[in-house]
Amino acid sequence: MKAAQVTERISVSRRAVCARLMPGAMALAGLWAMLAFVLNLTWEIAHVRLYTIWAAADGTSIAWALLHCSLGDVVIALAMFALAGIALRCGDWPASRPWTGSTIVVIGAIAFTAWSEWYNVYRAGSWRYTEL
């Protein structure tokens, strides 16, 4: 068998497997979102005292900020999950190509988070850090 035929068969079979596993990919995205929420809420609670809101706002405002930021982080996590799926052309990338997909997710998330932090602190003034 020629190399082109082997490549074509592998490509076709990967698409067929990914198409069959789409419901599984949606379940993985749901689990991904739940895990992202729990981990990011824990992170937000751990470092909320570094922001000026801790001293300036009441408990309800702080709770809202924690929920709001955690849900925003879930959106970022889901966007990176989708980005990896699009880049790899397979929504089931956590099972089929975990290292490559995870690399895409980590690089994308770090890039977006760095930009968002810069923009929201220095340009938009959406939040500020306390003086240490």
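Me: Among contacts between residues at least 6 apart in sequence, what share joins residues at least 24 apart?

Reply: A contact means heavy atoms within 4.5 Å. In this chain, 59% of the contacts between residues at least 6 apart in sequence join residues at least 24 apart. The model is predicted, so local features need pLDDT of at least 70 and side-chain atom pairs count only at pLDDT 80 or more, while totals for chains, interfaces and linings use all residues. Residues are numbered from 1 along each chain as its sequence is written, and side-chain values use heavy atoms, with hydrogens and water left out.

Me: How many helices and strands does the chain have?

Reply: Helices (H or I, at least four residues) and strands (E, at least two) are DSSP runs, numbered from the N terminus. The chain has six helices and zero strands, and its elements run α-α-α-α-α-α from the N terminus on.

Me: How does the span of H4 relate to the expected value?

Reply: The expected span of a helix is 1.5 Å times one less than its number of residues. H4 has 30 residues and reaches 43 Å from its first C-alpha to its last, close to the 44 Å expected. For H6, with 26 residues, the end C-alpha atoms are 36 Å apart, which agrees with the 38 Å that it should span.

Me: What percentage of the residues count as buried?

Reply: Buried means under 20% relative accessible area, exposed over 50%, and partly exposed in between (1.4 Å probe, protein chains only). Of the 132 residues of the chain, 24% count as buried. The buried residues of H4 include Ile62, Leu66, Ser70, Asp73 and Val74; those of H6 are Gly101, Val105, Gly108, Ser116, Asn120 and Val121.

Me: Which side chain of opposite charge is nearest to aspartate 73?

Reply: Lys and Arg count as positive and Asp and Glu as negative, whereas His and the chain ends are not counted. A salt bridge is a side-chain nitrogen of Lys or Arg within 4 Å of a carboxyl oxygen of Asp or Glu. Aspartate 73 lies in helix H4 (residues 59-88). Aspartate 73 is buried yet has no salt bridge; the nearest side chain of opposite charge is arginine 49, 18 Å away. Not counting residues up to four places away in sequence, aspartate 73 touches Asn40 and Glu44.

Me: Which residues make the nonpolar surface patch?

Reply: Patches are made of residues with over 30% relative accessible area and no salt bridge: like charges are joined within 9 Å, nonpolar side chains (Val, Leu, Ile, Met, Phe, Trp, Tyr) within 5 Å. Accessible areas come from the Shrake-Rupley method with a 1.4 Å probe; for residues, only the protein chains shown count as cover. Here Phe112, Trp115, Trp118, Tyr119 and Tyr122 make a nonpolar patch of about 590 Å². Tryptophan 115, found in helix H6 (residues 98-123), is partly exposed, with a relative accessible area of 44%. The chain exposes about 9300 Å², of which carbon and sulfur atoms supply 69%.

Me: Where is arginine 89, in the loop or in a helix?

Reply: Arginine 89 is in the loop between H4 and helix H5 (93-96). Its phi is near 55°, a positive value in a residue other than glycine. Arginine 89 counts as exposed because its relative accessibility is 72%. After H6 comes glycine 125, whose phi is also positive, near 65°.

Me: How far apart in space are leucine 132 and leucine 50?

Reply: They are 82 residues apart in sequence and 8.3 Å apart in space, C-alpha to C-alpha. Leucine 132 is in the segment after H6 and counts as exposed, at 93% relative accessibility.
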